[in-house]
Amino acid sequence: MKRQRKQLYVEALIRADPELLWERTQEPAQHQRWDLRFGEIDPLPCAGAGEPQRFRYATRVLPFLVIAGTGVSAGEKRRPDGTRTSALRFASAHPLSLLAEGSGYWRYVPTGDGVRFLTGYDYTPRWGRFGAVADRLVFRPLMGWATAWSFDRLRLWLERGTGPGRLLARALGEAAVRAVAAAGAVALAVDAAGHSDDAVAGAVPVLAAALLAAAVLLPPLPGTPAARRCRRAPLAPVRTPAILTALEQS
């Protein structure tokens, strides 16, 4: 039986001006600053006024390898219920890109406590059965994490005014501290295993375990982006926006 792919879903509550949120997500130069999934987003010439916007995107996978693709997007900024929606189709012809083609949407839902900024998207992996397995076990979970982390990075940029570059530096710094603490815990445990003093040999593993647990389980600092702060599944079934259906059929 063929396993059905699970659509990726991420949602964040952002307490910021809706216009500023729209600007930083819809303008390519702003979008590429906070979204881990894209290193470059360059708009391409449009067929005419009111037509969907075409663009080229690129992601540096390795220092010497850049995966590029193209896409088309359209948006609905004014709706009777106050929500906004944008839709996207994308594809990459690069033979080393696991992602062949896909589509998705962003939805902006105003509430009394901020804007619910959410996305749902899916894509078709290439490379046959190997690609399907690699996608299910590695790439899709990584894409979900990168989307959620990026959404929280955007939230902190809008709510606190901390730039995306500084937020990335904070995340890397905190990850380094956690890695050092975990390595220290392992070193303590190894040292205690060869210690002849029973009191030391009994106390050090407890200290090592506490240090390792702190490195792994303590929540990120409030000013550090974290994927865990975003919702990863909708509270209720979500209908595909009409604008995405129209874009997929165009």
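## Strands β3 and β4

In this predicted model, R60 stands opposite V66 of strand β4. That strand covers residues 65-76, and its partner is β3. The two pair in the antiparallel sense, with nine bridges between them. Together β3 and β4 make a hairpin, and two residues lie between the strands.

## Strand β2 joins β3

Let's now follow β3 to another neighbour. Strand β3, residues 53-62, is also joined to strand β2, residues 40-43. Here four bridges link the strands, and β2 and β3 run antiparallel.

## Helices α1 and α3

Next come two helices. Helix α1 spans residues 18-26 and helix α3 spans residues 128-160. Their axes come within 11 Å and cross at roughly 135°. Angles over 145 degrees would count as roughly antiparallel, and 65 to 115 as roughly perpendicular, so α1 and α3 are oblique to each other. The crossing in which α1 passes α3 is right-handed.

Which residues make the contact? From α1 come L20, L21, R24 and T25, while α3 brings L154, W157 and L158. Sorted by class, this contact of α1 with α3 has five nonpolar residues, one polar residue and one charged residue.

How values were computed: Residues are numbered from 1 along each chain as its sequence is written. This is a predicted model: local features need pLDDT of at least 70, side-chain atom pairs count only at pLDDT 80 or more; totals for chains, interfaces and linings use all residues. Side-chain values use heavy atoms; hydrogens and water are left out. Axes are lines fitted to C-alpha atoms, for helices over the stretch in contact, and angles run from 0 to 180 degrees between N-to-C directions. Angles under 35 degrees count as roughly parallel, over 145 as roughly antiparallel, 65 to 115 as roughly perpendicular and the rest as oblique. A crossing is left-handed if the near helix is turned anticlockwise from the far one by less than a right angle, and right-handed if clockwise. Contact means heavy atoms within 4.5 Å. Ala, Val, Leu, Ile, Met, Phe, Trp, Tyr, Cys and Pro count as nonpolar, Asp, Glu, Lys and Arg as charged, and the others, Gly among them, as polar. Two strands pair if DSSP finds at least two bridges between them.
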